[in-house]
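This briefing concerns the protein shown below. The overall fold is treated before individual residues.

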Amino acid sequence: MNDMTLFWLMMVLVFVLTIVFLGIFRKKTKFEIFNDLIVINDFVYPANIPNYVIKSISMVEKLPKVMMRSNGYAGLKMWKGVFRILGGKRSLFYIENHFKGPIIKIETVRESIYINFKDMEQTHQLYDEMTKTVKIIDETELVDCKFVTTTRSWVIAGIFIAIVTVVSLLPAII
């Protein structure tokens, strides 16, 4: 196999992997609402939010000022992942359209979670379901526990880096 063929093979592989990983980040997030728990089913940023850490659930018209993206994706309109907002607070975004409100804000003991959909009606429906179903407990009963989110993105990034490394070492192996 000559060098040019190997180069193009590596370029195609990196392109395909990039498309696959972008597809994973753009996958639709699903929400399950229970009286004592909100479950966020997301491939990269899943979360279980028990009601004993929820201070409030509200609607806001715009996102707070984002200071930095800690671990996430920020595309043209879609923002997903862990961000630091003004004041340094850790926040988790499941935002499909950051240019338009409304946005659901779940304030927990340690972090804020922001959610919206492209369709404003879908955002309103999820908010209504949350406020009707989730039992918000008295602030004196709140528990300060670890962050409610789990992050698989480090594993995914590690796999991506390993694959790219193997592909880049192919010329030395062949």
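Val 20 is found in helix 1, which spans residues 3–25; helices are DSSP runs of H or I with at least four residues, strands are runs of E with at least two, and both are numbered from the N terminus. The model is predicted: local features need pLDDT of at least 70 and side-chain atom pairs pLDDT 80 or more, whereas totals for chains, interfaces and linings use all residues. Residues are numbered from 1 along each chain as its sequence is written, and side-chain values use heavy atoms, with hydrogens and water left out.

**Overall fold**
- The protein has three helices and nine strands, in the sequence order α-β-β-β-β-β-β-β-β-β-α-α.
- Of its 174 residues, 38% count as buried, meaning under 20% relative accessible area, with exposed over 50% and partly exposed in between (1.4 Å probe, protein chains only).

**Val 20**
- Val 20 counts as partly exposed because its relative accessibility is 43%.

**Glu 107**
- Glu 107 lies in strand 8, residues 103–108.
- Glu 107 counts as buried because its relative accessibility is 12%.
- Beyond neighbours within four places in sequence, Glu 107 is in contact with Val 53, Ile 54, Lys 55, Ser 56, Lys 89 and Ser 112, where contact means heavy atoms within 4.5 Å.

**Contact range**
- Among contacts between residues at least 6 apart in sequence, 53% join residues at least 24 apart.
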